[in-house]
Amino acid sequence: MIKNYLEIGKIVGTHGIRGECRVELWCDSGEFFSYFKTLYLDDKGEKKISVKSRPHKNIALMKIKGIENIDDAIPLVGTVLYMDRKDCPLPDDVYFVQDIIGCEVRNINDGTVYGRVSDVLNTGANDVYEVKGESNKPFYMPKIDEIVKEVNVSDEYILIEPMKGLFDED
């Protein structure tokens with residue numbers, strides 16, 4: 001199921017006395033996070049906030065409109081932040097990690113089901129999908145054109161051409 005509001009980070013602390021928040025990033029980068037001027041405090045888009053943020057080391061520093069001091073910011077620590085996917089159109093063949101997780105992985109030739117994607121790891125060169133089947137043993141599949149032939153997040157499946165040894169139990 002495609003979600004409209006996606007987790008993008010979590011407020012983990014305050015910064016200074018003027019109400020800025022420290023945000024643990026659950027997205028690609030502080031630059032990406034800083035692109036958003038509107039975020040949400042719920043996964044239904046009912047609690048909208050206006051924000052300004054900037055990257056800071058491995059986090060982001062965020063100022064929320066209406067939060068003027070540290071006392072106003074402290075109760076927000078632990079709050080998960082959401083983005084509206086409509087605010088971030090993606091190019092074809094680029095997907096949010098949350099859309100990939102849970103997709104069934106199938107052999108394009110014979111329909112064999114290997115399991116479902118349980119995590120997406122970013123290795124730098126390419127993403128690696130962690131796939132767990134009935135045994136719950138993880139298999140690691142690089143997202144490369146030689147293997148991944150079709151990704152369909154709306155119907156929750158990925159068609160692959162497995163390389164020899166990729167899903168062998170031995």
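This is a predicted model: local features need pLDDT of at least 70, side-chain atom pairs count only at pLDDT 80 or more; totals for chains, interfaces and linings use all residues.
Student: Before we start, which ground rules apply here?
Tutor: Happy to set them out: local features need pLDDT of at least 70, side-chain atom pairs count only at pLDDT 80 or more, and totals for chains, interfaces and linings use all residues. Residues are numbered from 1 along each chain as its sequence is written, and side-chain values use heavy atoms, with hydrogens and water left out.

Student: How many disulfides are there?
Tutor: A disulfide is a pair of cysteine sulfur atoms within 2.5 Å. The sulfur of cysteine 21 has its closest cysteine sulfur in cysteine 27, 16 Å away, so that pair is too far for a bond. For cysteine 88 the closest cysteine sulfur is in cysteine 27, at 9.5 Å, again too far for a bond. By this rule, the count is zero.

Student: Is cysteine 88 buried or exposed?
Tutor: Good one! Buried means under 20% relative accessible area, exposed over 50%, and partly exposed in between (1.4 Å probe, protein chains only). Cysteine 88 has 9% relative accessibility, so the class is buried.

Student: Which side chain of opposite charge is nearest to glutamate 130?
Tutor: Lys and Arg count as positive and Asp and Glu as negative, while His and the chain ends are not counted. A salt bridge needs a side-chain nitrogen of Lys or Arg within 4 Å of a carboxyl oxygen of Asp or Glu. Glutamate 130 is buried yet has no salt bridge, and the nearest side chain of opposite charge, 4.3 Å away, is lysine 132.

Student: Which residues does glutamate 130 touch, not counting residues up to four places away in sequence?
Tutor: Contact means heavy atoms within 4.5 Å. With that cut-off, the residues touched are Arg116, Val117, Ser118, Asp119, Pro138, Phe139 and Tyr140.
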